[in-house]
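Work through these exercises with the sequence and the model side by side. Try each task before you read its solution.

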Amino acid sequence: MSTADFQLQSERTTTSARSVVALVAVGVVCYAYLPVAAQSPADRPNILVLVADDLGWRGIGPYGNAAVKTPNLDRLARSGLRVVHAFGTSPQCSPSRISTLAGKYAHATRTEDLHTPLPEGERILPSYLQAHGYFTGLLAKRHIGAPGERQFQFYSPGLVDVLPAFLDSAGTRPFFLWVGFHDPHRPYATGEAPRRHAPERVVVPPYLADTPETRTDLALYYDEIARMDDQIGGILAELERRKLRENTLVVFFSDNGAPFPREKGTLYDAGTRTPLILSWPGTISAGSVYRQGLVSLIDVTPTLLELAGSTPPPSLQGRSFRAMLAHPDTAAGRPYVFSERNWHDCDEHQRAVRTRRFKLIRTDAYTELPLCIAADIGASPAFRALRARAQAHRLTPAQQRLFESPRARLELYDLDRDPWELSNLAADPRYAKQVGELAGVLQEWMEQSDDFPAAFRVRDDNTDRITGVPFTTRVPPLQNGDLPPPDQRWGKRQSELGM
C-alpha cells in the first residue's frame with residue numbers, strides 16, 4: 001500500500017529536521033517548566049498519543065493489578081513517570097476524546113452526548129500543531145467526528161503495521177500521532193484475543209457478583225488488555241529500530257473506565273480515573289511517581305502545545321502541567337478535578353468534583369430511575385449475573401447500589417476510607433461542611449465553564465436502563481437545545497432576591 005493511500009488530505013506544511021519523538025498517551029498534569037523556549041524544529045518533540053479504549057485504572061500491572069499480563073506497560077512505567085491520581089472529564093468515549101483533544105470540557109464544545117461529532121470550526125490539538133510545523137496522524141479508532149478527523153493529515157485504520165508508513169510520511173518534520181486502540185472495548189469472545197488469564201486469578205470488585213460467568217468475563221477483558229500491550233510493544237520496537245526511542249516522550253492513558261457495571265459510564269473513580277504513564281528518557285526520571293496532586297486530561301493539549309514551543313490559546317479550559325515532568329516530587333497539581341455524565345444509550349445529567357480525599361456527585365435529572373446502563377454492559381455476563389441475583393433477592397449491599405431507585409440528588413464519598421465509593425455520606429451531618437464547600441465549587445465550575453441546567457439538551461433513551469437491553473439503534477434527536485445566555489441559565493442567588 002502506498003503512502004498516499006493513508007493520506008487524509010494533502011500536506012500543507014514543510015519544516016526541517018526531526019530528532020525528538022514524543023509518545024504521548026494523554027493525561028499529565030504539572031505546573032512548572034521544562035526548557036523548551038526558543039526551540040528550533042530539531043528540538044521539538046514528536047508526539048504520539050496512545051489511548052486505550054475502556055481500560056479501567058486498576059487494569060494494568062503498574063497500578064497494582066498483579067493478575068493481568070502487561071510487560072510492555074510495566075517497562076514503560078519503570079522507564080518514566082507514573083501518575084497516581086489522573087482523571088478524564090467524562091466516562092464516555094467520544095466526549096472524553098474530544099475533551100482531551102480540544103482542551104475543553106465536553107459541554108463547552110456541545111459534544112457531551114455519545115456519538116456527537118466535534119462542531120465545524122472547533123479546533124483541536126493537531127490543527128494547532130500543524131500550524132506550528134508538525135505532521136499529524138490518526139491511527140485506528142477515531143470517534144471524534146468528521147470535522148475533527150479532517151484536522152489530521154494522515155489516517156489509517158491499522159496500528160503497528162502502518163506505523164512505518166506514517167513515520168516515512170513525516171519525513172524530516174516533527175510529528176504528532178494519536179493512536180486509538182480498540183482494546184479492551186466489548187464485545188468479548190473466547191478465542192478472539194490470545195487466552196492468557198485464568199478466571200480464578202482475576203480481581204472481582206465488591207459491586208460485581210463473584211460468579212464463574214463474571215470471572216470469565218473479566219478474564220476475557222484481561223486478555224484484550226494484554227493484546228493491546230503487545231501492540232504497544234510493537235510501536236515502541238519500531239521507534240527503537242529507527243533510533244527514535246531515546247528522544248521520545250511516551251504518555252499512556254484510557255478514555256474511560258472498564259465496560260462493567262458501575263464503572264464505564266459512571267462518575268465513580270472506576271468510570272473516570274485513568275492510568276497515566278509518561279516516559280521521556282533523559283528528561284523524565286526513570287521510576288518516578290507523581291502523587292502530590294490531581295491531574296486532568298483536559299490539560300494535555302495546552303501542555304503539548306507548550307512542549308512544542310507554541311502558546312496555548314486563551315480559549316482553552318485546560319492548563320499546562322509541564323512542572324510535573326521536571327519536578328514530580330513538588331509540583332502542586334490540581335486541588336479539584338471535574339467530570340460529567342450525559343447521554344450514553346440513555347440520558348443522564350450528572351456532574352462531579354473530586355479532591356484528593358472527597359468526591360461530590362450531583363444528579364440533576366432522572367433521580368426517580370436507576371442509574372443508566374450502557375447497552376454493551378447490559379449485554380455482558382457480569383451484568384446478567386447481577387440481574388439474576390437481584391431477581392433472587394441475593395444482592396449484597398454493595399451490589400444493590402447499582403439498582404437504587406430513587407437515587408439521591410447528592411452523593412459524597414470519602415475516598416480514603418471508602419475507595420469503592422459504596423457509602424454515601426451526603427446526608428451525614430458530620431460531613432455537612434464538605435458537602436457545602438464542594439457543592440459551591442461544583443456550581444461555580446458549571447457556571448464558569450459554559451455548562452447548562454438539566455432541562456436543556458436532553459435526549460430520549462434508546463436502551464432500557466433496567467435490563468440494559470437496547471430497543472433501537474438510533475440516537476434520539478436533541479430536545480430543548482437552545483440555551484439562554486449564560487447569565488440567565490442558573491437563576492438568581494437568594495442574596496440577590498432582596499427578601
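## Exercise 1: A parallel sheet

Strand β4 (residues 135-140) pairs with β6 in the parallel sense, over six bridges. This is a predicted model: local features need pLDDT of at least 70, side-chain atom pairs count only at pLDDT 80 or more, and totals for chains, interfaces and linings use all residues. Residues are numbered from 1 along each chain as its sequence is written, and side-chain values use heavy atoms, with hydrogens and water left out.

**Task.** Find the order of the strands in the open sheet of three strands.

**Solution.** 
- Step 1. Know the terms. Strands (E, at least two residues) and helices (H or I, at least four) are DSSP runs, numbered from the N terminus. Two strands pair if DSSP finds at least two bridges between them.
- Step 2. Read the order: β5-β4-β6, with parallel pairing.
- Step 3. Check the edges. β5 (154-156) and β6 (175-180) each have a single partner strand, so one side of each lacks a neighbour in the sheet.
- Step 4. Angles run from 0 to 180 degrees between N-to-C directions, and axes are lines fitted to C-alpha atoms, for helices over the stretch in contact.
- Step 5. Pick out one residue pair. Thr136 stands opposite Phe176 in β6.
- Step 6. Place the helix. α5 (residues 163-170) lies across β4, β5 and β6, and runs at about 160° to β6. Contact here means heavy atoms within 4.5 Å.

## Exercise 2: Buried elements

**Task.** Decide how many residues of strand β11 (residues 337-341) are buried. Then do the count for helix α2 (residues 93-102).

**Solution.** 
- Step 1. Buried means under 20% relative accessible area, exposed over 50%, and partly exposed in between (1.4 Å probe, protein chains only).
- Step 2. Count β11. Five of the five residues are buried, so the strand is largely enclosed by the rest of the structure.
- Step 3. Sort its faces. Val337, Ser339 and Arg341 lie on one side, Phe338 and Glu340 on the other.
- Step 4. Find its partner. Five bridges join β11 to β12 (residues 350-354), and the two run antiparallel. Val337 has Arg354 in β12 as its bridge partner.
- Step 5. Count α2. Here 10 of the 10 residues are buried, so the helix is largely enclosed by the rest of the structure.
- Step 6. Name what α2 packs against: β2 (45-52), α3 (125-131), β6 and α8 (300-307).
- Step 7. Look just past the helix. Gly103 follows α2, and its phi is positive, near 70°.

## Exercise 3: One glycine

**Task.** Is Gly378 buried or exposed?

**Solution.** 
- Step 1. Locate Gly378 in helix α10 (residues 375-378).
- Step 2. Use its accessibility. The value is 8%, so Gly378 counts as buried.
- Step 3. List its contacts, leaving aside neighbours within four places in sequence: Ile373, Phe383, Arg384, Thr467 and Gly468.
- Step 4. Take a distance. The C-alpha atoms of Gly378 and Thr463 are separated by 9.0 Å, although the residues are 85 apart along the chain.
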